[in-house]
Structure formats: C-alpha cells, structure tokens
Amino acid sequence: MPLLPVPPTVSSTHRLALDPIATPERLLLGPGPSNAHPTVLQALARMPIGHLDPLYIELMGEVQELLRYAWQTDNRLTIPMSGTGSAAMEATLANTIEPGDKVLVAVMGYFGQRLVDMAGRYRADVVTIERPWGEAFDLAELEAALITHKPAILAMVHAETSTGVCQPMDGIGDLCRRHDCLLLLDTVTSLGAVPLYIDAWKVDLAYSCSQKGLSCPPGLGPFTMGPRAEAKLAARSGKVPNWYLDVSLLNKYWGSDRVYHHTAPVNMNFGMREALRLLAEEGLEAAWARHRSNAERLWAGLERLGLELHVSEPLRLPTLTTVRIPEGVDGKAFSRHLLDRFGIEVGGGLGDLAGKVWRIGLMGYNSTPENVDRLLDLFASELPAFQSSPAAVPAAIA
Ligand SMILES: *Cc1c(COP(=O)(O)O)cnc(C)c1O
C-alpha cells in the first residue's frame with residue numbers, strides 16, 4: 001500500500017509544543033464558578049474506574065442519597081445530570097412539557113428568562129408574570145396568575161443569581177397543589193447554601209449545579225423529580241424530545257437495571273461525592289448558617305464603606321450580593337483591577353442590571369470571614385482611585 005503523502009507542515013503560528021497547563025491562583029467571588037474544595041480536587045484527580053464497575057454503582061447510590069439529604073427530599077428520581085446546571089434545567093422541562101402545555105414562568109431576572117426560552121423550545125404555551133430585577137413575587141400575585149392561566153407547570157427561580165434575590169417559598173407549593181399544577185424550582189444558587197426543603201415546600205421538580213454552593217467545579221447538574229412530576233412523565237403520549245436528558249432512559253442506569261445510557265463522567269461524580277460528603281460532614285444547617293453569617297458580614301462592611309446594596313434586606317440572597325456601582329465609577333475597570341492586581345474575581349451586572357451592579361458571590365468553600373474581610377479591605381483601599389474619575393467630580397463638588 002502506498003504511503004500517504006506527508007501532510008503539509010502546520011503553519012508555524014500554531015504552537016505544537018505547549019507547556020503543561022498552568023492556571024493562576026484566583027479567588028472566585030463572582031456569580032460562579034466558585035473555588036473548589038481541595039479534597040474535591042483530589043477526588044477529581046483519581047484514575048477513572050468503569051461506569052458499570054460495582055464500586056462505581058455503589059458510589060452512584062451514595063451520590064443520590066447525599067443529594068436527597070442536601071435537597072431534603074425522598075424523591076426516588078434524584079440524580080446528577082451529566083452537564084452543567086442548564087442541562088439539568090433543560091431536563092426538568094424536556095421531561096414534563098408536552099407540546100401545547102401551558103407553562104407559567106415567574107420572571108424576576110435573567111434565569112427566569114432562560115426558563116421562558118427553554119420552555120418555548122419544547123413547544124410549551126409559555127405565559128409569564130414579571131417583577132422588576134431586585135424584587136420577588138408574593139402569594140397573591142402568584143395565585144391570581146394561576147387562576148387566570150391555569151398552567152400545567154409553574155416555573156420559578158429560588159435564588160436569582162442575576163439580581164441577588166432569594167424568593168420566599170412559603171405557601172407556593174400549597175397554591176400549586178390547590179390549582180393542580182406542578183411546581184418547578186431553580187435551586188442552582190441555593191443548594192447547599194441557603195435553606196431549601198424540596199419535600200416540605202411541595203416542589204415537584206428542581207435542578208442545581210455543582211460549581212456554586214457545592215464547592216465542586218462545573219460539570220454536573222443535580223436533578224430531582226417528585227411523584228407528581230413522575231406521573232406526568234409516565235402519562236405523556238410521545239417520547240421525551242431530548243434523548244440525552246430523557247429521565248425514563250436515564251433511570252434505567254441510575255435505577256436498579258444499570259443499563260448503559262451514556263458513559264457517566266465518572267471523575268465528576270467522584271468530585272460530587274466528595275463535595276456532598278463535605279456538606280454532610282459540616283451539616284446542612286451549619287452550612288446554611290455559615291453562608292448567612294458571612295453574607296451579613298459582607299453586607300455590613302459594604303454599607304460601612306458607603307456602598308448601596310441593590311436588594312432590600314429581607315429578600316437578600318446569602319450566596320450572591322448585588323452592590324450598586326457608585327455614580328461615575330467604571331465598574332468594569334474596577335473589577336478588572338481586582339482580577340489583574342489581586343487575582344480576585346467579582347462579577348458584573350447581567351441584563352437589566354448590566355453596568356449598574358457588581359455581583360459578589362460567597363458560595364460553598366469560598367464563604368469564609370477571611371474572604372469577606374479581604375474583599376472589604378480591597379474595596380476600602382482600591383475603590384477611591386476609581387471614584388475620582390472625571391464624571392464623579394461634579395457630584396462630589398455639588
Ligand atoms: C448558574 C445558574 C444557572 C445555569 O447553570 P450553569 O451551570 O451555568 O449551566 C441557572 N440558574 C441559575 C439561577 C444560575 O445561577
């Protein structure tokens with residue numbers, strides 16, 4: 001057989017001999033990812049084992065049990081989806097929406113809008129109610145919307161990472177039962193960090209991620225589905241229109257059959273097991289209290305510096321704080337300065353809040369008093385230089 005011709009030399013602008021990967025030390029105090037716990041990183045670095053290895057099957061059961069604990073649920077169908085939080089988000093919708101189903105989305109920020117977009121792609125008849133970014137819904141307006149629209153599903157966000165609002169959940173599950181609709185809840189920025197009770201709150205579907213409150217890198221999306229949602233899935237007339245996220249197929253792997261569906265990202269699940277183990281070791285309530293007290297320390301410190309928080313105290317989310325960028329300050333330049341000079345990441349605003357706020361995350365491993373104090377010290381020492389920009393001068397004189 002003739003040899004294939006030698007391929008043309010790759011252009012010398014391509015560096016083929018790269019150095020091994022080196023990443024900088026960063027303190028990630030933005031909207032996610034947050035830093036991973038060191039023992040989670042050790043778990044990720046282990047040699048993979050087979051995804052049908054009996055030891056791996058045992059680990060899967062442990063991850064499920066730990067996730068049920070973290071979510072305070074007995075739901076049988078509680079699994080980490082292979083993919084980030086958005087994959088698990090899509091799974092909740094893909095499995096339960098049948099074309100033409102009415103889905104009511106309560107939108108109070110960017111992630112509510114993403115729910116609208118996704119539900120529409122599964123051909124739901126999507127209706128919305130909205131609150132300004134920085135506010136939450138009350139029971140009366142939710143009930144009025146349920147009465148008007150009679151949806152099959154009410155979808156909403158518990159911890160709106162784009163605004164820093166934590167939606168009060170008291171009574172919403174009861175409303176949904178009374179009006180015969182499923183309650184679907186985004187818990188991406190609350191799981192493991194903010195009080196969250198899937199069963200007691202009568203939430204039928206929820207999803208989360210690995211990289212915010214759980215101190216794990218991005219890559220898995222915890223998913224849970226209660227009996228009412230399972231019944232809707234079982235009764236659907238056609239196939240779930242997404243093969244990868246079809247829970248009826250996935251359950252043949254996660255349930256007792258252990259049938260191959262897709263190759264599980266085994267190392268991500270090693271990391272998830274360790275992250276959840278750490279959470280259980282600390283204790284859920286202790287983790288919630290830690291996030292709360294560090295957030296309060298941050299809020300008090302920022303206010304002492306004369307900065308204004310975007311969300312009113314009762315609705316503030318412990319994992320994510322939105323701080324208004326003072327008049328005349330270039331918010332982007334300041335966060336770039338924190339990253340370049342000090343290796344600290346702070347987020348900017350999204351959507352309606354673009355250019356108006358910084359978003360400071362205190363999630364999982366990163367929620368410590370030391371991190372809060374370090375950031376407050378930098379706001380105190382570094383921000384004044386950014387406040388003396390020309391646009392701020394007239395206001396300061398007046
Ligand atoms: C981060 C986030 C998501 C999306 O999760 P990814 O892991 O980025 O896919 C969804 N909802 C909320 C509230 C989030 O903060």
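**Close-up views of a predicted model**

**View 1. The largest cavity and its lining.** β2 supplies four residues to the lining of the largest cavity, the largest share. Helices (H or I, at least four residues) and strands (E, at least two) are DSSP runs numbered from the N terminus. What you are looking at is a predicted model, in which local features need pLDDT of at least 70 and side-chain atom pairs count only at pLDDT 80 or more, while totals for chains, interfaces and linings use all residues. Residues are numbered from 1 along each chain as its sequence is written, and side-chain values use heavy atoms, leaving out hydrogens and water.

The count comes to one cavity of 30 Å³ or more, and the largest cavity has a volume of about 50 Å³. β2 (77-82) and α8 (247-254) are the elements that give two or more residues to its lining. To find the lining yourself, look for Ile79, Pro80, Met81, Ser82, Leu250, Tyr253, Trp254, His262, Ala264 and Pro265. By class, eight of the residues lining the largest cavity are nonpolar, two are polar and none is charged. Ala, Val, Leu, Ile, Met, Phe, Trp, Tyr, Cys and Pro count as nonpolar, Asp, Glu, Lys and Arg as charged, and the others, Gly among them, as polar. On a 1 Å grid over the protein atoms alone, a cavity is a set of points where a 1.4 Å probe fits but cannot get out, a pocket is an open set with protein on both sides within 12 Å along at least five of seven lines, and lining residues have an atom within 4 Å of a point. Points are joined across faces, edges and corners, and a volume is the space filled by probe spheres set on them.

**View 2. The largest pocket, with a volume of about 470 Å³.** Eighteen residues line the largest pocket, and Pro24, Glu25, Arg26, Leu28 and Asn35 are the closest to its centre. At least two lining residues come from each of β1 (27-28), α1 (38-44) and α12 (369-387). Ten nonpolar, five polar and three charged residues make up the lining of the largest pocket.

**View 3. The second largest pocket, with about 260 Å³ of space.** Its lining has 16 residues, and nearest the centre lie His158, Cys166, Pro168, Val194 and Pro195. Domain 1 (27-31 + 283-392) and domain 2 (38-281) each give at least three residues to the lining of the second largest pocket; the domain bounds come from an automatic or database assignment. Sorted by class, this lining has eleven nonpolar, two polar and three charged residues.

**View 4. Helix α11 and its buried side.** The expected span of a helix is 1.5 Å times one less than its number of residues. Buried in α11 are Gly331, Phe334, Ser335, His337 and Leu338. These residues cover an arc of only 150° around the axis, so they sit on the same side of α11; the arc is that of the directions from the helix axis to the C-beta atoms. On the face turned away from the buried side, look for the exposed residues Lys332 and Arg336. Buried means under 20% relative accessible area, exposed over 50%, and partly exposed in between (1.4 Å probe, protein chains only).

**View 5. Helix α9, largely enclosed by the rest of the structure.** With 17 residues, α9 (residues 266-282) reaches 24 Å from its first C-alpha to its last, close to the 24 Å expected at 1.5 Å a residue. Twelve of the 17 residues of α9 are buried, which is why the helix counts as largely enclosed. Val266, Asn267, Met268 and Asn269 are among the buried residues of α9, as are Phe270, Gly271 and Met272. Also buried in α9 are Glu274, Ala275, Leu276, Leu278 and Leu279.

**View 6. Backbone details in the loops.** Most residues other than glycine have a negative phi, and most peptide bonds are trans. Between Gly32 and Pro33 the peptide bond is cis, with omega near 0°, and Pro33 belongs to the loop between β1 and α1. Lys202 has a positive phi, near 60°, and is not a glycine. You will find Lys202 in the loop between β8 (182-186) and β9 (205-207), where its relative accessibility of 28% makes it partly exposed. Ser215, also not a glycine, has a positive phi of about 65°. Ser215 lies in the loop between β9 and β10 (220-225) and is buried, at 9% relative accessible area. Lys212 is likewise in the loop between β9 and β10, and Lys212 is buried with a relative accessible area of 10%.
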